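Hi everyone, thanks for making time this morning. Let me put the structure up on the screen, and then we can walk through it together.

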Amino acid sequence: MTQQPLTLLEVEALARAAHEGQTDKSGRPYVEHLAAVAEGVRLRGGTPEQQAAAWLHDAIEDEALSLTWLDAAALPKPVKEMVLAVTKRPGEPLETYAARILATPGALLVKESDLAHNADPVRLSVLDGPTRERLTAKYAHVRALLGLTAP
């Protein structure tokens, strides 16, 4: 028997629970980032599947959820593929990462929203200078690899 796919609200609840207690580099609750990325996807015209991938975009990379969980989850295949596409592997060159995102339908919009929130000057302003400069350069490089214009 095939399971009913998780609804977008169920995916959001799962992501919130999985990242419970985590904070971002500025000490803010990590779920604020997930919510901002999902909302950014929605505002950019993203589908419910892309919004679900946005809620889960860091779950594997941050080890909030496992690959085994993702494989067994009642999620449409495109959602799983987008999540895997935007999951950076340890030691992976940014060029390889960007190529995988570009090759996966729907993933570019998720990453675009992620980068837009990560590069938000208000968010970056609370970081120390060297960290802010390093991340700003990294995000600009990834945007260029993905063919995205400035945020």
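Let's begin at Tyr139, which touches Leu115, Asn118, Ala119 and Leu124, leaving aside residues up to four places away in sequence; contact here means heavy atoms within 4.5 Å. You will find Tyr139 in helix H9, residues 129-145. Helices (H or I, at least four residues) and strands (E, at least two) are DSSP runs, numbered from the N terminus. Is Tyr139 buried or exposed? Tyr139 is buried, with a relative accessible area of 9%. For that word, buried means under 20% relative accessible area, exposed means over 50%, and partly exposed lies in between, with a 1.4 Å probe and protein chains only. From Tyr139 to Ser125 there are 14 residues in sequence and 15 Å in space, C-alpha to C-alpha.

A quick word on where all this comes from. This is a predicted model, in which local features need pLDDT of at least 70 and side-chain atom pairs count only at pLDDT 80 or more, while totals for chains, interfaces and linings use all residues. Residues are numbered from 1 along each chain as its sequence is written, and side-chain values use heavy atoms, with hydrogens and water left out.

Now let's zoom out. Along the principal axes, the C-alpha atoms fill a box of roughly 55 × 35 × 30 Å. Of the 151 residues, 43% count as buried. Among contacts between residues at least 6 apart in sequence, 58% join residues at least 24 apart.

On to the charged side chains. How many salt bridges does the structure hold? There are seven, where a salt bridge is a side-chain nitrogen of Lys or Arg within 4 Å of a carboxyl oxygen of Asp or Glu. One of them joins Arg123 and Asp24, whose closest N and O atoms are 2.9 Å apart. This pair links distant parts of the chain: Arg123 is in helix H8 (residues 121-125), and Asp24 is in the loop between helix H1 (8-18) and helix H2 (30-43), 99 residues apart. Both Arg123 and Asp24 are buried.

Glu92 and Arg100 form another salt bridge, at 2.4 Å between the closest N and O atoms, and both of these residues are buried too. Arg28 and Glu32 also meet in a salt bridge, 2.5 Å from N to O.

One last stop: Glu63, in the loop between helix H3 (48-56) and helix H4 (67-72). Phi of Glu63 is near 60°, a positive value in a residue other than glycine. Most residues other than glycine have a negative phi. At 71% relative accessibility, Glu63 counts as exposed.
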